[in-house]
Amino acid sequence: MKLRKISDQGLIDPFEGDLGEFDGVTLKFVEPVSKLICKYTGKPYTIQWQRKIEEMRDLYQKWQIEMANNFEDGERRGYIVKKKMLGETTNELKLIWNLVLVLRILQKSWL
């Protein structure tokens, strides 16, 4: 696959976040490549690998833009989810569910 590269620092896998956090709304990467830390060494990537990651980011970004441009009206677009948003949504759903349970209890007590 064109996006996957193997280095002395390990495998760089764009689908496991090795390219950094990608914002699915703005279709851009959040942090610069120079700030990325190799998960195998715990150190920043070498200059050579930073260049490769930049190339891979460019390809990944083009792929995401192409996907975004090819959605049909009404088709789901939210395949890429930030962990923070997932946590907030989970909390909101729990709150709504608890509210529904309270309303059911109140409804039964009024009958």
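Glutamate 31 is partly exposed, at 22% relative accessible area; buried here means under 20%, exposed over 50%, and partly exposed in between, with a 1.4 Å probe and protein chains only. Its side chain meets that of arginine 57 in a salt bridge, 3.7 Å from N to O, the rule being a side-chain nitrogen of Lys or Arg within 4 Å of a carboxyl oxygen of Asp or Glu. Glutamate 31 sits in the loop between S4 and H1 and arginine 57 in helix H1, so the pair ties together parts 26 residues apart in sequence. Arginine 57 is buried, at 7%.

Quick housekeeping: this is a predicted model, with local features needing pLDDT of at least 70 and side-chain atom pairs counting only at pLDDT 80 or more, while totals for chains, interfaces and linings use all residues. Residues are numbered from 1 along each chain as its sequence is written, and side-chain values use heavy atoms, leaving out hydrogens and water. Helices (H or I, at least four residues) and strands (E, at least two) are DSSP runs, numbered from the N terminus.

Back to the charges: the structure holds four salt bridges. Another one joins aspartate 18 and lysine 39, with the closest N and O atoms 3.2 Å apart. Aspartate 18 is in the loop between S2 and S3, and lysine 39 in the loop between S4 and H1, 21 residues apart.

Now the aromatics. Rings of Phe, Tyr and Trp (its six-membered ring) pair if their centres lie within 6.5 Å; planes under 30 degrees apart are stacked, over 60 edge-to-face, and the rest tilted. That gives four pairs. Phenylalanine 22 and phenylalanine 29 have centres 4.9 Å apart and planes at 70°, so they're edge-to-face. Phenylalanine 29 and tyrosine 60 are at 5.9 Å and 45°, so that pair is tilted. Phe22, Phe29, Tyr60 and Trp63 form one aromatic cluster.

Last, the core. A nonpolar core is a set of buried Ala, Val, Leu, Ile, Met, Phe, Trp, Tyr and Cys residues joined through side-chain atoms within 4.5 Å. The largest has 13 residues, with Ile12, Leu19, Tyr45 and Ile53 making the most contacts inside it. H1 supplies the largest share of this core, four residues.
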